[in-house]
Amino acid sequence: MQLLCHFDVTDFADWHSAFTADDESRRDAGLGVLQIWRDADSNTQAFALLSVNDRDRAEKWITRSNALGSDDAATVTQTSYHFIATA
């Protein structure tokens, strides 16, 4: 299973630095970064594909103070996510 995340960000480079700095909390939640993308036409859209080892721990990580936004040094203005599986 994977977790696909979309971030509206103030600046991709600033967000990416903050996202990278939060690696330990993601690993503690059983998440691994598979791929990171930015919108080809915008510096304010970021996407991350994460591997999920334990969905319950991943969901707790997401809801913990809204980890998708709050752990990224105030660079995130809005987020969405989807748990996905290979069909």
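## A tour of charges and rings

Start with Asp-23, which is partly exposed because its relative accessibility is 27%, between the 20% cut-off for buried and the 50% cut-off for exposed. Keep in mind along the way that you are looking at a predicted model.

The side chains of Asp-23 and Arg-26 form a salt bridge, with N and O 3.7 Å apart. Both residues belong to helix 2 (residues 23-28), and because they are three residues apart, about one helical turn separates them. Arg-26 itself is buried, with a relative accessible area of 2%.

Next, select Arg-27. Here is another salt bridge to Asp-23, and the closest N and O atoms are 2.7 Å apart. Arg-27 and Asp-23 are four residues apart in helix 2, so about one helical turn lies between them. Is Arg-27 buried or exposed? Arg-27 is exposed, at a relative accessible area of 52%.

Arg-26 lies over the face of Phe-19, 3.8 Å from the ring centre.

A salt bridge links the two, with the closest N and O atoms 2.8 Å apart. Glu-59 counts as partly exposed at 30% relative accessibility, and Arg-55 is also partly exposed, at 39%. The structure has four salt bridges.

Stay with Arg-55 and bring up Phe-83. The charged end of Arg-55 sits over the ring of Phe-83, 4.1 Å from its centre. Phe-83 is buried, with a relative accessible area of 18%.

For the last stop, select Tyr-81 alongside Phe-83. The structure holds five aromatic pairs. In the pair of Tyr-81 and Phe-83, the ring centres are 6.1 Å apart and the planes meet at 85°, so the arrangement is edge-to-face. Tyr-81 counts as partly exposed, at 36% relative accessibility.

Methods. Residues numbered from 1 in each chain as written. Predicted model: local features only at pLDDT ≥ 70, side-chain atom pairs only at ≥ 80, totals over all residues. Heavy atoms only, no water. Phe/Tyr/Trp six-rings, centres within 6.5 Å; stacked < 30°, edge-to-face > 60°. Buried < 20%, exposed > 50% of the residue type's maximum accessible area, 1.4 Å probe, protein only. Lys NZ or Arg CZ within 6 Å of the ring centre and 35° of its normal. Helix = DSSP H or I, 4+ residues; strand = E, 2+ residues; numbered from the N terminus.
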